[in-house]
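Biologist: Hi, could you walk me through the aromatic residues in this one? I'd like to look at it together.

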Amino acid sequence: PFSFEFDPEFTDTIEIAFRNQSSDGRRIFDANVYYADWTDQQVLIPDAIGNLFVSNAADSELWGAELDYRQLMNENLEVFASAAFSRTEFGESAGGDGLKGNSFQFAPEVVASLGAIYRFNNGFSIGGDINYTSSTFSEPENLPEFKNDAYWIANANANYAFQNGLVLTAYVRNLFDEQYTTQQTASGF
């Protein structure tokens, strides 16, 4: 066992949101833009033999935007779409760990989804969506061998709403059994 020290981290965050619903309630549009200034962000850094330790990456930034749209096409069919863009960037740490300009680990720049729900008049409903996630890095050094590829997955669900307010749901996540990497390590795992 060993010990190490690191400083606390702090964020100053600004977010501006817009919410809009049509007068008939059939269309909803939401949008957010945000910025975060992250001081002394704590990140896990491997040493020369692979042990992880916490280090502070000074003055990191995160900014982006999110959009969400829903529309009732008729009394039974609802469609929806959403997209988000995030830009993350490490600043230079006091220790000069070489992260400056790199993206945060596990932080996709783009995520998006598109889907629909059909509600029958007898309490049953079915739905589905497709989702996209852009590539990410498994470690803060952003080494190409630890880059996780972008991927698409599809989901489906069926629901029954009882009159007492309970809902029974059956769902399938990753409907087409897409294989994708979420994290890679130096050990090859």
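**Aromatic rings, inside and out**

Modeller: Happy to, and keep in mind that this is a predicted model. Let's begin with Y118, which counts as partly exposed because its relative accessibility is 33%.

Biologist: Which ring does Y118 pair with, and how are the planes set?

Modeller: Y118 pairs with F120. Their ring centres are 4.8 Å apart and the planes meet at 70 degrees, so the pair is edge-to-face, the cut-off being over 60.

Biologist: And F120, what is its relative accessible area?

Modeller: F120 has a relative accessible area of 40%, so it is partly exposed.

Biologist: How many aromatic pairs are there by that rule?

Modeller: The count comes to nine aromatic pairs. One of them joins F90 and F104, with ring centres 4.9 Å apart and planes at 50 degrees, so that pair is tilted.

Biologist: Where in the chain do F90 and F104 sit?

Modeller: Both F90 and F104 are in the loop between β6 and β7, 14 residues apart. For orientation, β6 covers 77–89 and β7 covers 110–119.

Biologist: Are those two buried or exposed?

Modeller: F90 is buried, and F104 is buried too. For F90 the relative accessible area is 2%, and under 20% counts as buried, which is why it gets that label.

Biologist: Which residues does F90 touch, leaving out its neighbours up to four places away in sequence?

Modeller: Its contacts include Q41, V43, A57 and S60. F90 also touches L99, K100, G101, N102, S103 and F104, as well as P140.

Biologist: How far is F90 from E61?

Modeller: In space they are 6.5 Å apart, C-alpha to C-alpha, while in sequence they are 29 residues apart.

Biologist: Which aromatic cluster does F90 belong to?

Modeller: F90 forms one aromatic cluster with W38 and F104.

Biologist: Changing topic: what lies over the face of F80?

Modeller: That's R70, at 4.8 Å from the ring centre of F80.

Methods
Residues are numbered from 1 along each chain as its sequence is written. This is a predicted model: local features need pLDDT of at least 70, side-chain atom pairs count only at pLDDT 80 or more; totals for chains, interfaces and linings use all residues. Side-chain values use heavy atoms; hydrogens and water are left out. Helices (H or I, at least four residues) and strands (E, at least two) are DSSP runs, numbered from the N terminus. Buried means under 20% relative accessible area, exposed over 50%, partly exposed in between (1.4 Å probe, protein chains only). Contact means heavy atoms within 4.5 Å. Rings of Phe, Tyr and Trp (its six-membered ring) pair if their centres lie within 6.5 Å; planes under 30 degrees apart count as stacked, over 60 as edge-to-face and the rest as tilted. A charge sits over a ring if NZ of Lys or CZ of Arg is within 6 Å of the ring centre and within 35 degrees of the ring normal.
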